[in-house]
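Try each one yourself before you read the solution.

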Amino acid sequence: MKECFSCGNEALGTIPVGRITEKLDALFSRNDLAGAEVVLDYWDGEARKLEDMRGLVTVLSEKVGLYRRLGQYEKGLEACENA
């Protein structure tokens, strides 16, 4: 993969997993679970568009944890199946 130095040194064709994780940490520290779901849904779609399977697995893993916290077990199982 090519490096994109104007984009924070992330490889082209991948989602910014480090920045996503930082954003999620900030949202979880404020217990903003709805905000975390919005972020995860957005990056789920972006990872799929880019065919970034590594990034997608990370997002899906975070979704599993979020849905466990929310008690949304069907969504959690769906995220597991997608991963």
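**Exercise 1.** In which helix is Glu37 found? Then work out whether Glu37 is buried or exposed, and list its contacts.

*Solution.* Keep in mind that this is a predicted model.
- Step 1: look up residues 33–50; that stretch is helix 2, and Glu37 is found there.
- Step 2: check the relative accessible area, which is 17% for Glu37. Buried means under 20%, so Glu37 counts as buried.
- Step 3: skip the neighbours within four places in sequence, and you'll find Glu37 in contact with Leu66, Tyr67, Leu70, Gln72 and Lys75.
- Step 4: pick out Tyr67 from that list. Its side chain makes a polar contact with the side chain of Glu37, at 3.4 Å.

**Exercise 2.** Zoom out: what order do the elements of the protein chain run in from the N terminus, and how much of the chain is buried?

*Solution.* 
- Step 1: count up four helices and two strands.
- Step 2: read them off from the N terminus as β-β-α-α-α-α.
- Step 3: of the 83 residues, 34% are buried.

**Exercise 3.** Find the aromatic pair and say how its rings are arranged.

*Solution.* 
- Step 1: a search for aromatic pairs gives a count of one.
- Step 2: the partners are Tyr42 and Trp43, with centres 4.9 Å apart and 85° between the planes.
- Step 3: planes over 60 degrees apart count as edge-to-face, so this pair is edge-to-face.
- Step 4: Tyr42 itself is partly exposed, with a relative accessible area of 46%.

Terms used. Residues numbered from 1 in each chain as written. Predicted model: local features only at pLDDT ≥ 70, side-chain atom pairs only at ≥ 80, totals over all residues. Heavy atoms only, no water. Buried < 20%, exposed > 50% of the residue type's maximum accessible area, 1.4 Å probe, protein only. Polar contact = N/O pair within 3.5 Å; in protein donor to acceptor, adjacent residues only side chain to side chain. Contact = heavy atoms within 4.5 Å. Phe/Tyr/Trp six-rings, centres within 6.5 Å; stacked < 30°, edge-to-face > 60°.
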